[in-house]
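Subject: Structure handover

Hello,

Here is the structure for you to look at. Please open it first, then read my notes below.

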Amino acid sequence: MTSSARPADPAGTAARPPLNRRLAEFGTTIFAEMSALAQRTGSINLGQGFPDTDGPEEIREAAVRALRDGRGNQYPPGPGVPELRAAVTAHQLRRYGLTFDPDTEVLVTAGATEAIAAALLGLLEPGDEVVALEPYYDSYAACIAMAGGRRVPVTLRPHEGRFRLDLDELRAAVTDRTRLLLINTPHNPTGTVLTRTELTAIAELAVERDLLVVTDEVYEHLVFDEAEHLPLATFPGMRDRTVTIGSAGKTFSFTGWKVGWVTGAPVLVSAVRSAKQYLTYVASGPFQYAVAEALALPDSYFEGFRADMLTKRNVLATGLADAGFDVFRTAGTYFITTDIRSLGETDGFAFCRALPERAGVVAIPNAVFYDHREAGAPFVRFAFCKRTEMLADATERLRKAFAC
């Protein structure tokens, strides 16, 4: 051994850190931190986006029936059970006029998060650039990194009470290295629903620059007021270059079932499946049968679900405004973004970490969804997918803590 040799290190920790450099910037998610804080302090958790009531009883019973009948208790087919793939295609046709082959153009995934991961792993080469709308769901950045891609954020900026996309900034972000646009509408965390004008421009850009698009549409049934959800795949030239992601969790309030899906042209779905089969392979067998029945529910279910969430949005938005928050208009999803500068605060992280002790409520700092943390620093997100009485209790706590 020479004098420059390193001493033996059986664990290998001295030679290099155990976490690979692609994921070095990602630690424990803010959702885990804030949910643990809510539990420790007994606070009302308006941070993580999960309902506090279950979805339709008949769909829960459909899952029980599938379990008892032995459907899905063993490995389901790799692409998903035929009943669910057929239900997805029927839903897309009924709602949007989109036609897909259930055998070659639909893939069932372990929730939308796996769908995002598999799409990026299957479609990207190392070094490819991905343009994503900032702020973005935190798994986007991690999945791009795992795929060896480079994320290029285009920031949605506050304008006249909502967050808007600057189309010139979007066009300028696309380079010869851009492979894919990652679009989310209705948009988490801002509650923005992209307009027909914005989506038309995105479609034209994708066609002009020959880009693939992965579009996260899991909140498709939660649009409010005059907003309208328009799937990007319905726009000219987009049917065969778009991977569309959907999810049962957000629409039917069974987030723990982890049933999502992708639809797209056979070559794209095949690429996603190539990655997905080495992630979970399959998941959620009995629940797939139940979700197939859920997607066939009459339009009255979807309208009732939307109306209920609209009522809850209004309760929380009014309560937050009464407590002194500057509230941005939510056109979709079940989240509200607020500006805490109206309360004399500027640091969303510090604000949210102190909020449980101060008011008995948990929220999420939007800065975690930004590459440019300073752009999101004064914004805080609240979830309204909770019982109305819990929202009323939370807003009363906030009013007592902050209102003069």
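Start with Val106, which stands opposite Thr263 in β10. Strands here are DSSP runs of E with at least two residues, helices are runs of H or I with at least four, and both are numbered from the N terminus.

This is a predicted model, where local features need pLDDT of at least 70, side-chain atom pairs count only at pLDDT 80 or more, and totals for chains, interfaces and linings use all residues. Residues are numbered from 1 along each chain as its sequence is written, and side-chain values use heavy atoms, leaving out hydrogens and water.

**The strands**

Strand β2 (residues 106–109) runs antiparallel to β10, with four bridges between them. Two strands pair if DSSP finds at least two bridges. Strand β9 (residues 242–247) is also antiparallel to β10, again joined by four bridges. There, Thr244 has Thr263 as its bridge partner.

Which way do the residues of β10 (residues 260–263) point? Gly260 and Val262 point one way, Trp261 and Thr263 the other. All are buried, meaning under 20% relative accessible area with a 1.4 Å probe, protein chains only (over 50% is exposed, in between is partly exposed). In a regular strand, side chains alternate between the two faces of the sheet.

**Helix α2**

In α2, Ile59, Ala62, Ala63 and Ala66 are buried. Seen down the axis of α2, the buried residues fall within an arc of 100°, so they line one face of the helix. The arc is taken from the directions from the helix axis to the C-beta atoms. After α2 comes Gly70, with a positive phi near 75°.

Best wishes
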